[in-house]
Amino acid sequence: MSAATAASAPGRLTTLGRLELAEYPVDAAWAPDGRSLLVGLADGSVTLVQPPSVKSPQALQAPQALRGHTQSLLAVAWQKAGRLWASSGQDGRVLLWDARVQQPQVVHEERQWSERLAFAERGNALAVATGRTLRVFDEAGTLRYQHVGGAGAISALAWHPRAGELASAGNGGVLLHPIDLKGSTRALEAAAPAPRVLALRAACVCIAFHPEGRLLAAGLQEGSVQLWNLATGSESRLDALGARVLAIEWSANGRYLAGAAGNELVLWDFSGRSGGRAAAAALRLPAHSERITAFGFRPGGNWFASAGRDRRLLWWRAGAGDAPQDAHLLADECSLLRFSRDGALLAVGDASGGLSLFECRP
(Lines give C-alpha, C1' and ligand atoms only; values in the text may rest on other atoms or scores of the structure.)
Protein backbone atom coordinates (compact mmCIF):
# COMPACT_ATOMS: atom_id res chain seq x y z
CA MET A 1 0.00 0.00 0.00
CA SER A 2 1.30 3.47 -0.86
CA ALA A 3 1.98 5.92 1.93
CA ALA A 4 -0.42 8.78 2.50
CA THR A 5 0.60 12.04 0.88
CA ALA A 6 -1.54 14.47 2.81
CA ALA A 7 -0.23 16.06 5.98
CA SER A 8 -1.72 14.75 9.19
CA ALA A 9 -4.35 16.97 10.72
CA PRO A 10 -3.87 18.05 14.35
CA GLY A 11 -5.13 15.44 16.79
CA ARG A 12 -5.20 12.72 14.16
CA LEU A 13 -3.37 9.59 13.07
CA THR A 14 -2.44 9.49 9.39
CA THR A 15 -2.08 6.07 7.78
CA LEU A 16 1.30 5.66 6.08
CA GLY A 17 0.77 2.11 4.87
CA ARG A 18 0.34 -1.55 5.77
CA LEU A 19 2.91 -4.27 5.24
CA GLU A 20 2.01 -7.95 4.89
CA LEU A 21 4.45 -9.94 7.00
CA ALA A 22 5.39 -13.59 6.67
CA GLU A 23 3.92 -14.46 10.05
CA TYR A 24 2.08 -13.17 13.12
CA PRO A 25 3.96 -10.17 14.65
CA VAL A 26 4.70 -11.02 18.29
CA ASP A 27 6.75 -8.04 19.45
CA ALA A 28 8.45 -4.95 18.04
CA ALA A 29 11.00 -2.30 19.03
CA TRP A 30 12.05 0.96 17.38
CA ALA A 31 15.64 1.96 16.69
CA PRO A 32 16.68 5.04 18.70
CA ASP A 33 16.65 7.25 15.58
CA GLY A 34 13.20 6.02 14.48
CA ARG A 35 14.46 4.98 11.05
CA SER A 36 14.04 1.25 11.61
CA LEU A 37 11.49 -0.94 13.32
CA LEU A 38 12.49 -4.36 14.57
CA VAL A 39 9.65 -6.89 14.38
CA GLY A 40 9.74 -10.40 15.86
CA LEU A 41 7.55 -13.00 14.18
CA ALA A 42 5.90 -16.25 15.21
CA ASP A 43 8.11 -18.25 12.82
CA GLY A 44 11.23 -17.33 14.81
CA SER A 45 12.52 -14.67 12.42
CA VAL A 46 13.15 -11.00 13.06
CA THR A 47 12.85 -8.34 10.42
CA LEU A 48 13.82 -4.67 10.06
CA VAL A 49 11.16 -2.42 8.56
CA GLN A 50 12.12 0.95 7.06
CA PRO A 51 9.08 3.22 7.63
CA PRO A 52 8.02 5.88 5.13
CA SER A 53 7.00 9.37 6.19
CA VAL A 54 4.46 11.95 5.09
CA LYS A 55 7.30 14.20 3.88
CA SER A 56 8.87 11.35 1.92
CA PRO A 57 6.08 8.96 0.92
CA GLN A 58 6.90 5.63 -0.66
CA ALA A 59 5.49 2.13 -0.69
CA LEU A 60 6.36 -0.12 2.22
CA GLN A 61 8.85 -2.70 1.02
CA ALA A 62 8.93 -6.31 2.16
CA PRO A 63 11.97 -6.54 4.46
CA GLN A 64 14.52 -9.32 4.60
CA ALA A 65 14.06 -11.77 7.46
CA LEU A 66 16.96 -12.41 9.83
CA ARG A 67 17.20 -15.87 11.33
CA GLY A 68 18.40 -16.45 14.88
CA HIS A 69 15.72 -18.58 16.51
CA THR A 70 14.37 -21.99 15.54
CA GLN A 71 10.98 -21.41 17.21
CA SER A 72 8.61 -18.51 17.74
CA LEU A 73 9.90 -15.15 18.98
CA LEU A 74 8.84 -14.10 22.47
CA ALA A 75 10.34 -10.63 22.93
CA VAL A 76 12.60 -8.05 21.30
CA ALA A 77 14.25 -4.93 22.75
CA TRP A 78 16.48 -2.20 21.31
CA GLN A 79 19.19 -0.40 23.25
CA LYS A 80 17.98 3.05 24.33
CA ALA A 81 20.70 4.90 22.42
CA GLY A 82 22.93 2.54 20.55
CA ARG A 83 23.42 -0.18 17.98
CA LEU A 84 22.48 -3.26 20.02
CA TRP A 85 19.20 -5.11 20.16
CA ALA A 86 18.12 -8.35 21.78
CA SER A 87 15.66 -11.14 21.08
CA SER A 88 14.36 -14.22 22.88
CA GLY A 89 12.43 -17.21 21.58
CA GLN A 90 10.71 -20.44 22.45
CA ASP A 91 13.95 -22.25 21.60
CA GLY A 92 15.25 -21.00 24.97
CA ARG A 93 17.87 -18.69 23.49
CA VAL A 94 18.52 -15.03 24.23
CA LEU A 95 20.47 -13.32 21.44
CA LEU A 96 22.33 -10.01 21.42
CA TRP A 97 22.57 -8.47 17.95
CA ASP A 98 24.78 -5.71 16.55
CA ALA A 99 22.78 -3.66 14.04
CA ARG A 100 25.95 -2.90 12.04
CA VAL A 101 26.79 -6.51 11.25
CA GLN A 102 23.53 -8.27 12.19
CA GLN A 103 25.36 -11.26 13.60
CA PRO A 104 23.78 -12.52 16.83
CA GLN A 105 25.65 -13.53 19.96
CA VAL A 106 24.05 -16.14 22.22
CA VAL A 107 24.14 -14.66 25.73
CA HIS A 108 21.85 -17.19 27.40
CA GLU A 109 20.31 -20.56 26.57
CA GLU A 110 18.25 -23.06 28.55
CA ARG A 111 15.02 -25.04 28.34
CA GLN A 112 12.90 -22.38 30.03
CA TRP A 113 11.63 -19.47 27.97
CA SER A 114 12.91 -15.94 28.56
CA GLU A 115 9.72 -13.95 28.06
CA ARG A 116 10.82 -10.50 29.30
CA LEU A 117 13.68 -8.33 27.99
CA ALA A 118 14.47 -4.74 29.01
CA PHE A 119 17.45 -2.46 28.35
CA ALA A 120 18.42 0.03 31.05
CA GLU A 121 17.74 3.71 30.38
CA ARG A 122 21.45 4.30 29.79
CA GLY A 123 21.54 1.28 27.50
CA ASN A 124 24.51 -0.37 29.21
CA ALA A 125 22.59 -3.30 30.70
CA LEU A 126 20.10 -5.88 29.44
CA ALA A 127 17.67 -7.51 31.89
CA VAL A 128 16.38 -10.99 31.08
CA ALA A 129 13.58 -12.74 32.98
CA THR A 130 13.55 -16.55 32.71
CA GLY A 131 10.94 -18.16 34.93
CA ARG A 132 11.79 -17.10 38.50
CA THR A 133 15.34 -16.04 37.58
CA LEU A 134 16.47 -12.50 36.78
CA ARG A 135 19.76 -11.99 34.93
CA VAL A 136 21.46 -8.76 33.87
CA PHE A 137 24.08 -8.71 31.09
CA ASP A 138 26.41 -5.89 30.07
CA GLU A 139 26.93 -4.67 26.50
CA ALA A 140 29.52 -7.38 25.87
CA GLY A 141 27.01 -10.07 26.80
CA THR A 142 28.71 -10.85 30.12
CA LEU A 143 26.47 -11.90 33.01
CA ARG A 144 26.80 -9.26 35.76
CA TYR A 145 23.85 -9.94 38.09
CA GLN A 146 21.63 -12.91 38.89
CA HIS A 147 18.78 -13.43 41.33
CA VAL A 148 16.40 -16.34 41.84
CA GLY A 149 13.33 -15.72 43.95
CA GLY A 150 9.63 -15.13 44.18
CA ALA A 151 6.71 -17.48 44.36
CA GLY A 152 6.15 -17.57 40.61
CA ALA A 153 7.56 -16.59 37.26
CA ILE A 154 8.60 -12.98 36.64
CA SER A 155 5.75 -11.26 34.80
CA ALA A 156 7.20 -7.78 34.19
CA LEU A 157 10.44 -5.76 34.28
CA ALA A 158 10.98 -2.01 34.62
CA TRP A 159 14.20 -0.01 34.97
CA HIS A 160 14.25 3.04 37.22
CA PRO A 161 14.37 6.10 34.89
CA ARG A 162 17.30 7.68 36.76
CA ALA A 163 18.89 5.32 39.27
CA GLY A 164 20.62 1.98 38.69
CA GLU A 165 17.69 0.01 40.00
CA LEU A 166 15.56 -2.64 38.33
CA ALA A 167 12.06 -3.72 39.35
CA SER A 168 10.80 -7.24 38.71
CA ALA A 169 7.20 -8.29 39.33
CA GLY A 170 5.64 -11.67 39.98
CA ASN A 171 3.19 -13.62 42.08
CA GLY A 172 4.73 -12.58 45.40
CA GLY A 173 4.99 -8.86 44.70
CA VAL A 174 7.71 -6.56 43.38
CA LEU A 175 11.47 -6.76 43.96
CA LEU A 176 13.74 -3.71 43.56
CA HIS A 177 17.21 -4.87 42.55
CA PRO A 178 20.26 -2.58 42.96
CA ILE A 179 22.34 -3.06 39.79
CA ASP A 180 26.00 -1.99 39.75
CA LEU A 181 27.89 -2.87 36.57
CA LYS A 182 31.11 -1.45 38.00
CA GLY A 183 31.50 -4.40 40.34
CA SER A 184 33.26 -7.67 39.67
CA THR A 185 31.75 -10.03 37.11
CA ARG A 186 31.86 -12.66 39.85
CA ALA A 187 29.55 -10.61 42.08
CA LEU A 188 26.43 -12.52 41.15
CA GLU A 189 23.58 -13.65 43.39
CA ALA A 190 25.66 -14.59 46.44
CA ALA A 191 27.63 -11.33 46.58
CA ALA A 192 25.06 -8.84 45.30
CA PRO A 193 23.01 -6.69 47.74
CA ALA A 194 19.63 -8.17 48.59
CA PRO A 195 16.70 -6.68 46.66
CA ARG A 196 14.08 -4.57 48.39
CA VAL A 197 10.73 -6.37 48.67
CA LEU A 198 7.40 -4.65 48.01
CA ALA A 199 4.99 -7.34 49.17
CA LEU A 200 1.57 -7.96 47.67
CA ARG A 201 -1.24 -10.39 48.41
CA ALA A 202 -2.17 -10.63 44.72
CA ALA A 203 -0.26 -11.58 41.60
CA CYS A 204 1.39 -8.63 39.87
CA VAL A 205 0.98 -8.45 36.07
CA CYS A 206 2.66 -5.18 35.08
CA ILE A 207 4.70 -2.35 36.63
CA ALA A 208 5.65 1.21 35.70
CA PHE A 209 7.93 3.84 37.28
CA HIS A 210 6.83 7.47 37.42
CA PRO A 211 9.11 9.49 35.05
CA GLU A 212 10.83 11.03 38.08
CA GLY A 213 11.21 7.62 39.72
CA ARG A 214 9.49 8.58 42.99
CA LEU A 215 6.38 6.47 42.45
CA LEU A 216 5.94 2.89 41.30
CA ALA A 217 2.61 1.54 40.05
CA ALA A 218 1.71 -2.14 39.74
CA GLY A 219 -1.26 -3.65 37.89
CA LEU A 220 -2.67 -6.71 39.63
CA GLN A 221 -4.34 -9.91 38.52
CA GLU A 222 -7.35 -9.13 40.73
CA GLY A 223 -8.07 -5.95 38.77
CA SER A 224 -6.66 -3.15 40.95
CA VAL A 225 -3.55 -0.93 40.88
CA GLN A 226 -1.08 -0.68 43.77
CA LEU A 227 0.93 2.50 44.19
CA TRP A 228 4.12 2.96 46.25
CA ASN A 229 5.87 6.20 47.19
CA LEU A 230 9.46 4.93 47.17
CA ALA A 231 10.81 7.94 49.07
CA THR A 232 8.41 7.77 52.02
CA GLY A 233 7.54 4.07 51.96
CA SER A 234 3.80 4.82 51.88
CA GLU A 235 1.45 2.86 49.66
CA SER A 236 -2.14 3.02 48.46
CA ARG A 237 -4.59 1.07 46.35
CA LEU A 238 -6.26 2.81 43.41
CA ASP A 239 -9.80 2.12 42.23
CA ALA A 240 -10.42 -1.44 41.09
CA LEU A 241 -10.71 -1.92 37.33
CA GLY A 242 -12.88 -5.02 37.59
CA ALA A 243 -10.69 -7.26 35.42
CA ARG A 244 -7.07 -8.37 35.13
CA VAL A 245 -4.89 -5.31 34.46
CA LEU A 246 -3.29 -5.79 31.06
CA ALA A 247 -0.92 -2.81 31.26
CA ILE A 248 -0.27 0.45 33.09
CA GLU A 249 1.73 3.45 31.94
CA TRP A 250 2.54 7.03 32.97
CA SER A 251 2.36 10.03 30.68
CA ALA A 252 5.73 11.62 29.90
CA ASN A 253 5.16 14.53 32.31
CA GLY A 254 4.00 12.19 35.09
CA ARG A 255 0.62 13.85 35.46
CA TYR A 256 -1.46 10.91 34.27
CA LEU A 257 -1.45 7.19 34.99
CA ALA A 258 -3.50 4.98 32.68
CA GLY A 259 -4.47 1.34 33.02
CA ALA A 260 -6.15 -1.11 30.66
CA ALA A 261 -8.34 -3.96 31.87
CA GLY A 262 -10.93 -5.91 29.93
CA ASN A 263 -12.47 -3.53 27.39
CA GLU A 264 -12.00 -0.44 29.58
CA LEU A 265 -9.34 2.22 30.05
CA VAL A 266 -9.00 4.05 33.38
CA LEU A 267 -7.15 7.36 33.75
CA TRP A 268 -5.96 8.95 37.00
CA ASP A 269 -4.90 12.61 37.23
CA PHE A 270 -1.96 13.14 39.63
CA SER A 271 -1.62 16.91 39.19
CA GLY A 272 -2.82 17.54 42.75
CA ARG A 273 -1.72 14.32 44.40
CA SER A 274 -0.44 14.04 47.95
CA GLY A 275 0.67 11.14 50.07
CA GLY A 276 0.63 8.72 47.17
CA ARG A 277 -3.08 9.14 46.41
CA ALA A 278 -4.59 10.52 43.24
CA ALA A 279 -6.26 13.90 43.78
CA ALA A 280 -8.87 13.31 41.09
CA ALA A 281 -11.23 10.38 40.85
CA ALA A 282 -10.56 7.80 38.18
CA LEU A 283 -11.95 8.62 34.74
CA ARG A 284 -13.31 5.51 33.07
CA LEU A 285 -13.15 5.48 29.28
CA PRO A 286 -15.64 3.21 27.49
CA ALA A 287 -12.97 2.39 24.98
CA HIS A 288 -13.74 -0.84 23.15
CA SER A 289 -16.53 -3.35 22.59
CA GLU A 290 -14.12 -6.25 23.18
CA ARG A 291 -10.99 -6.84 25.25
CA ILE A 292 -8.13 -4.35 24.90
CA THR A 293 -4.93 -6.04 23.71
CA ALA A 294 -2.51 -3.08 23.55
CA PHE A 295 -2.21 0.53 24.64
CA GLY A 296 0.50 3.10 25.34
CA PHE A 297 1.29 6.79 25.84
CA ARG A 298 2.98 8.73 23.07
CA PRO A 299 6.47 9.83 24.23
CA GLY A 300 6.62 13.48 25.19
CA GLY A 301 2.94 14.22 25.68
CA ASN A 302 -0.50 13.36 27.03
CA TRP A 303 -1.72 11.53 23.93
CA PHE A 304 -2.16 7.77 23.97
CA ALA A 305 -3.49 4.98 21.77
CA SER A 306 -5.46 1.81 22.46
CA ALA A 307 -6.41 -1.19 20.33
CA GLY A 308 -8.22 -4.44 20.93
CA ARG A 309 -9.98 -7.54 19.72
CA ASP A 310 -12.71 -5.37 18.17
CA ARG A 311 -10.09 -4.29 15.55
CA ARG A 312 -10.46 -0.63 16.56
CA LEU A 313 -7.45 1.68 17.02
CA LEU A 314 -8.38 4.70 19.14
CA TRP A 315 -6.42 7.93 19.63
CA TRP A 316 -6.95 9.75 22.94
CA ARG A 317 -5.81 12.93 24.69
CA ALA A 318 -5.67 12.78 28.47
CA GLY A 319 -7.72 15.58 30.00
CA ALA A 320 -9.96 15.95 26.95
CA GLY A 321 -12.94 13.98 28.24
CA ASP A 322 -14.04 10.41 27.66
CA ALA A 323 -14.22 10.38 23.84
CA PRO A 324 -11.36 9.43 21.47
CA GLN A 325 -10.01 12.11 19.14
CA ASP A 326 -9.58 9.71 16.21
CA ALA A 327 -10.36 6.09 15.29
CA HIS A 328 -9.21 3.58 12.69
CA LEU A 329 -10.37 0.07 11.81
CA LEU A 330 -7.60 -2.52 11.67
CA ALA A 331 -7.54 -5.61 9.45
CA ASP A 332 -7.69 -7.89 12.49
CA GLU A 333 -7.22 -8.08 16.25
CA CYS A 334 -4.27 -5.97 17.42
CA SER A 335 -1.18 -7.90 18.54
CA LEU A 336 1.16 -5.00 19.36
CA LEU A 337 1.34 -1.21 19.49
CA ARG A 338 4.68 0.67 19.57
CA PHE A 339 5.53 4.39 19.36
CA SER A 340 8.86 5.55 17.96
CA ARG A 341 11.15 7.23 20.52
CA ASP A 342 10.29 10.73 19.28
CA GLY A 343 6.56 9.96 19.16
CA ALA A 344 6.28 10.77 15.47
CA LEU A 345 5.31 7.26 14.32
CA LEU A 346 3.09 4.47 15.60
CA ALA A 347 3.41 0.83 14.53
CA VAL A 348 0.43 -1.50 14.99
CA GLY A 349 0.61 -5.24 14.37
CA ASP A 350 -2.44 -7.43 13.78
CA ALA A 351 -3.30 -11.12 13.98
CA SER A 352 -3.57 -11.42 10.18
CA GLY A 353 0.20 -10.95 9.91
CA GLY A 354 0.08 -7.29 9.01
CA LEU A 355 1.92 -4.21 10.25
CA SER A 356 0.31 -0.79 9.89
CA LEU A 357 2.23 2.47 10.29
CA PHE A 358 0.73 5.81 11.30
CA GLU A 359 2.07 9.34 11.63
CA CYS A 360 1.09 10.91 14.97
CA ARG A 361 0.27 14.59 15.10
CA PRO A 362 -1.10 15.74 18.47
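Predicted model: local features only at pLDDT ≥ 70, side-chain atom pairs only at ≥ 80, totals over all residues.
The chain as a whole averages a pLDDT of 88, with 89% of the residues scoring at least 70.

Now, on to the nonpolar cores. Which residues touch the most other members of the largest one? They are Val 225, Ile 248, Trp 250, Leu 257, Trp 268 and Phe 270, out of 18 residues in that core. If you'd like to follow along by strand, at least two core residues come from each of strand 18 (204–209), strand 19 (215–220), strand 20 (225–229), strand 22 (245–250), strand 23 (256–261) and strand 24 (264–269).

Let me zoom in on Leu 257. Leaving out residues up to four places away in sequence, Leu 257 touches Ala 217, Val 225, Leu 238, Ile 248, Glu 249, Trp 250, Val 266, Leu 267, Trp 268 and Phe 270. There is also a second, separate core, with 17 residues, including Ala 158, Ala 167, Ile 207 and Leu 230.

Four strands form an open sheet in the order 14-15-16-17, and the pairing is antiparallel. Which strands stand at the edges? Those are strand 14 (156–159) and strand 17 (196–199); each has a single partner strand, so one side of each has no neighbour in the sheet. On average, and ignoring direction, neighbouring strands here are turned by 20 degrees against each other.

As one example, Ala 169 has Val 174 in strand 16 as its bridge partner.

Last topic, the cysteines. How many disulfides does the model have? The count is 0. Take Cys 204: the nearest cysteine sulfur belongs to Cys 206 and lies 6.4 Å away, whereas a disulfide would need the two sulfurs within 2.5 Å. Is Cys 204 buried or exposed? Cys 204 counts as buried, because its relative accessibility is 3%, under the 20% cut-off. Cys 334 is buried as well, at 2% relative accessibility.

Note on methods. Residues numbered from 1 in each chain as written. Heavy atoms only, no water. Buried < 20%, exposed > 50% of the residue type's maximum accessible area, 1.4 Å probe, protein only. Core = buried A, V, L, I, M, F, W, Y, C linked by side-chain atoms within 4.5 Å. Contact = heavy atoms within 4.5 Å. Pairing = 2+ DSSP bridges. Axes fitted to C-alpha atoms, helices over the stretch in contact; angles between N-to-C directions. pLDDT = per-residue confidence, 0-100.
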